[in-house]
Structures are given as C-alpha cells and as structure tokens.
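I opened my notebook and went through this structure piece by piece. Here is what I looked up, in the order I took it.

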Amino acid sequence: MRRFLFILILCLVPCTAWAVPAFPGAEGGGAVSIGGRGGTVLRVTNLNDSGAGSLRACVTASGPRICVFTVGGTINLSSMLYITTSYLTVAGQTAPGDGIFIKAPGVADNVVTFDGAHDIIWTYTKVAHGYNQTLVDTFNSTGDSAGCNICLFSGAYNTILDHNSTYWNIDEGLGAWHNYAPGGDLHHVTFSYNIIAEGLRVHSTGSLNGGGLAASFTAFDMHHNLMMNNSHRNPVVSMSESRSVNNLTYNNQLRMAQLQTAATFISSDWVRNIWKNGPLNTNGLGDADGGSSLYSLFASGAQSIYLSGNKGQLQSNPDGDQWLLTAEGSGNNGPKTGYPAPSGWQRFTPLATLTHPITAESVTTLEATLLPILGDYRRVDCTGAWVARRITMDQTRVDQYTNNTGPSSIPINEDAAGGFPTLTGGSACTDTDSDGMPDAWETARGLNPTSSADSATDRDADGYTNIEEFIYGIGVGGGGSPSLTINGPVTISGGVRIQ
C-alpha cells in the first residue's frame with residue numbers, strides 16, 4: 001500500500017514526471033536534461049589542449065554527443081573551453097586511473113563556459129583555475145574579473161553539474177548568470193554532490209547565481225554540495241525561484257549564503273542544510289561587517305524565504321526557531337541592518353513540486369552519509385562497476401570539515417594550498433568498435449563489440465541508451481548519482497522528498 005501511495009503522489013506532479021532523469025539519481029530542476037542522449041559517442045584519447053581526440057574537440061562539436069575518456073590525467077588549457085552547442089554529456093567517470101583534472105593558470109578567463117548551450121550533463125571531473133596575474137590585476141582595478149571554474153550563462157537551461165571537484169578559482173567555483181536576453185532563457189539548473197572549495201584570495205567565492213534577468217530564472221537547485229574554505233558567496237542566489245537542500249558549508253571568512261536583489265522578488269527554499277564555522281571565521285556580532293560570518297543567510301531586498309530543518313552557528317537545533325539563522329543586510333555586500341530577518345519575508349509553504357524531487361536527509365545524519373560521496377570520488381571500470389578513486393586533495397578537504405581544521409587565511413595561489421596534484425593515468429579498456437562501451441561490458445550483455453551501431457539503442461527499453469547504461473553503471477552497483485536512503489514513509493513537500 002505504501003508503495004502505491006508513493007507512486008500516486010508522483011503522479012500529481014507534471015506529466016513529464018515519467019520521463020527518465022538525466023541519469024539514475026539525478027534530482028532537482030536540471031534533472032530534466034537529456035544531455036547528448038542518442039547522439040554521437042566521441043572518445044577523448046589524449047590530454048592535449050585541442051585537436052583530434054581532445055576534450056575541446058568533443059565539447060565544441062555540433063549535434064548531440066557524449067564525451068567518454070580513454071585516458072586519465074591533467075589537461076592544461078591554453079584558452080577557455082567555450083561551449084555554444086547544445087545536447088552534451090561529459091562523462092568524466094569513464095576516465096581511467098585518477099580521472100580528469102582540468103587546470104588553466106595561463107588563461108585570463110573562465111575555465112569552462114556554457115553560453116547559449118542547453119541540455120548539458122557534466123559529471124565526475126576535477127577543475128581548478130589556478131593563479132593568473134592578469135585576472136588579479138583586472139579585479140584590483142575594476143572590482144570584477146573572470147576566472148570561474150564552470151559557469152553557465154543565458155541560454156544554458158536544462159543543465160546539471162554533478163560530482164565535480166572545483167578549486168582555486170579567481171571568481172566563482174560554479175556559477176549560473178542570466179544577464180542578456182539574446183542568449184535565451186536560463187532555468188532548470190542543478191548543482192549536486194560537488195566540492196566547491198578554496199577560491200583564491202583576490203576574490204575567493206563559492207557560487208554566484210542570478211543576474212539582471214533574474215525574474216525569468218527559475219528552477220535553480222543546489223543540493224548535496226560541500227562549499228568550504230571560501231570567503232563568501234556560499235552561495236549567492238538571486239533569481240525568482242531556487243532551492244538549497246542538504247548542502248554543507250564550512251570555514252567561510254565572511255558571508256555564508258547570500259540572498260541579494262535590488263528589484264526582483266526572490267523566492268527560495270532552504271531545507272536541511274548545515275552551516276559550520278572554521279578557522280577562517282574571525283568575525284563577531286557587532287564588528288564592522290555586522291558579524292556576517294555568523295549568519296547562515298544574509299539577505300537584502302525583497303525576499304520570500306522558506307526554512308525547514310536547517311542547522312547553523314546561531315541555531316543548532318533543526319527543530320528550533322529557523323529565523324535565528326537569518327539577518328538582513330544593506331545591498332549586495334553591505335553591513336547588517338537587522339536581526340533576525342523581517343517577519344514579512346517568512347513563507348510557510350515550499351515552492352511548487354519538481355518533476356524530479358530532491359531527497360533530503362535529516363541534518364543529524366547528513367554529514368556521515370554525504371561526506372564519503374562528494375566530488376569526483378569514483379569511476380566506472382571496464383565491467384561497468386563503480387570503483388573508488390578519491391584523490392588526496394579531495395580527501396584532505398573532507399577531513400578538514402570533519403576535524404574542524406583547514407586554512408586560517410585565504411590562499412593567494414594554488415602553491416599555498418598544496419599545488420596542482422599529479423594524477424595516475426590508468427589503462428584504457430579494450431573497445432574494439434570505439435563506441436565508448438568496453439568489449440567486456442558489451443559481451444556480458446549480448447551486444448556486439450565489433451559494431452558501434454548499438455551504442456545509441458536501448459536494449460531493455462528503460463529510457464537510457466546502451467552507452468548511458470555503461471557510463472552510469474546501471475545495474476552494476478547503482479546509478480550515476482547515489483541517492484540518499486530514506487527509510488519509512490515518504491512525503492513530497494514542494495520539490496523535496498522527506499520523511
């Protein structure tokens with residue numbers, strides 16, 4: 001009976017609810033993305049900046065496409081990966097060895113930019129910009145610069161960034177900015193299970209999301225991310241509709257989450273998040289910055305906020321008064337003007353239900369469940385099974401969170417934070433027909449390892465093509481993004497599945 005009731009609840013959401021998500025376990029607005037499903041499989045066979053077999057060649061190609069990797073290691077970019085063509089899947093989990101690390105210290109721009117490209121699925125990579133003097137000089141002279149690790153701009157709707165590890169950005173680690181109408185709409189975006197850590201000193205920020213066209217920016221969801229060792233913007237949300245669910249924020253220098261607007265009325269849900277101070281947090285109530293680092297939510301402008309089950313510095317009880325987590329500020333980065341935030345901002349019902357609701361675990365168990373599965377922590381092997389591959393730089397930050405340690409000052413460059421890692425490349429799987437599916441995997445499923453024609457077919461009619469079943473480990477140790485387990489009766493409250 002319980003299963004029947006749960007199915008009945010799902011039937012009440014929009015009719016697209018029965019469409020398969022981007023990958024098994026994908027949730028939130030961006031889970032409606034189809035990526036490169038049904039398109040050409042392109043193999044990344046080298047670590048070159050450009051040319052045949054490079055990552056750049058795959059992501060900038062036209063038409064639906066899926067990037068799989070036969071090589072692991074570091075790609076040192078000489079220019080930004082600028083992506084303007086839609087329907088793309090980048091499956092970093094297929095890279096052997098320690099996976100793919102993308103760095104760009106010589107690039108005076110963002111590392112990866114999606115501009116007008118929609119239906120994007122980008123999973124299991126490591127991206128770190130690194131110090132760039134030109135960007136630092138630009139920021140010091142203008143107060144603004146590029147330097148984002150992965151950023152979405154207008155037109156990049158139906159996009160999900162999942163299980164990536166991002167570091168040492170000179171602007172945001174991840175961002176979504178809707179600021180020019182010709183680029184098209186920006187909506188239905190998910191950032192999930194990412195590590196967004198350690199922006200560099202000139203502009204150490206986590207995630208900036210919004211823009212001048214924020215009124216038409218809807219269905220933006222951040223869930224199950226770790227934001228840590230950043231100064232502020234952990235994250236910023238400034239759009240008409242967003243959700244933040246089961247995120248961990250640690251060791252901020254200034255602000256944690258910021259809700260900022262001058263004109264657009266912002267509606268946001270904050271469900272079962274944890275905000276935790278660390279060595280960078282030196283501000284106190286009453287100082288020149290208004291003690292901004294103590295407040296989980298620092299907001300300005302016109303707000304409509306729903307809070308449920310969160311825990312932070314000024315409210316450690318998730319069942320207690322949630323408004324003790326909030327403060328009102330002046331402008332985007334101005335001082336505190338009120339505490340708690342105005343009662344007129346309070347909303348007691350969540351936003352509308354999503355096609356693929358977000359699973360929310362209680363904050364009492366969230367850290368133990370979430371920390372082991374964050375960032376680029378695993379890959380699929382030649383049989384399609386998931387195997388662990390978390391590298392030291394990720395494990396060190398997770399340990400810092402657990403042990404209440406970490407930097408007490410923002411690093412000026414990557415060398416001050418341990419430097420770029422050296423990755424093992426591993427060995428490619430045997431793939432006779434070069435269709436992205438290893439011979440061993442195809443043979444075990446009755447497919448033809450000498451014909452690439454079967455990569456885009458769906459042998460079991462489950463909505464995922466054969467190549468997707470391989471890259472997401474379907475049927476071999478779980479799907480693409482591990483879903484948190486909830487035991488007992490489940491309800492859907494707005495866009496969130498909770499007990």
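In which loop does Ser434 lie? I found Ser434 in the loop between α5 (392-403) and α6. Helices here are DSSP runs of H or I with at least four residues, strands are runs of E with at least two, and both are numbered from the N terminus.

**Ground rules.** I noted that this is a predicted model, where local features need pLDDT of at least 70 and side-chain atom pairs count only at pLDDT 80 or more, while totals for chains, interfaces and linings use all residues. Residues are numbered from 1 along each chain as its sequence is written, and side-chain values use heavy atoms, with hydrogens and water left out.

**Positive phi.** I stayed with Ser434, which has a positive phi of about 55° although it is not a glycine. Its relative accessibility is 34%, so Ser434 counts as partly exposed. (Buried means under 20% relative accessible area, exposed means over 50%, and partly exposed is in between, with a 1.4 Å probe and protein chains only.) I then looked up Ala219, another residue other than glycine with a positive phi, near 55°. Ala219 lies in strand β17 (residues 218-223), and its relative accessible area of 3% makes it buried.

**The sheet.** Two strands pair if DSSP finds at least two bridges between them. Arg65 has Leu88 in β5 as its bridge partner.

**Aromatic rings.** How many aromatic pairs does a search of the whole structure find? I noted 14. Rings of Phe, Tyr and Trp (its six-membered ring) pair if their centres lie within 6.5 Å; planes under 30 degrees apart count as stacked, over 60 as edge-to-face and the rest as tilted. Tyr295 and Phe298 have ring centres 6.2 Å apart and planes at 45°, so this pair is tilted. Tyr295 is buried at 1% relative accessibility, and Phe298 is buried at 4%.

Next I checked Trp441 and Phe470, an edge-to-face pair at 5.8 Å centre to centre with 65° between the planes. Trp441 is in helix α6 (residues 439-444) and Phe470 in helix α7 (residues 466-471), 29 residues apart, so to speak a link between distant parts of the chain. Both Trp441 and Phe470 are buried. I also wrote down a cluster that ring pairs link together from Phe101, Tyr167, Trp168 and Phe420.

**Charges over rings.** Which residue lies over the face of Phe298? I found Arg255 there, at 4.4 Å from the ring centre. Arg378 lies over the face of Trp386, at 3.6 Å from the ring centre. (A charge sits over a ring if NZ of Lys or CZ of Arg is within 6 Å of the ring centre and within 35 degrees of the ring normal.)

**Cis bonds.** My last entry is the peptide bond from Asn234 to Pro235, which is cis with omega near -5°. Pro235 lies in the loop between β18 (226-228) and β19 (236-237).
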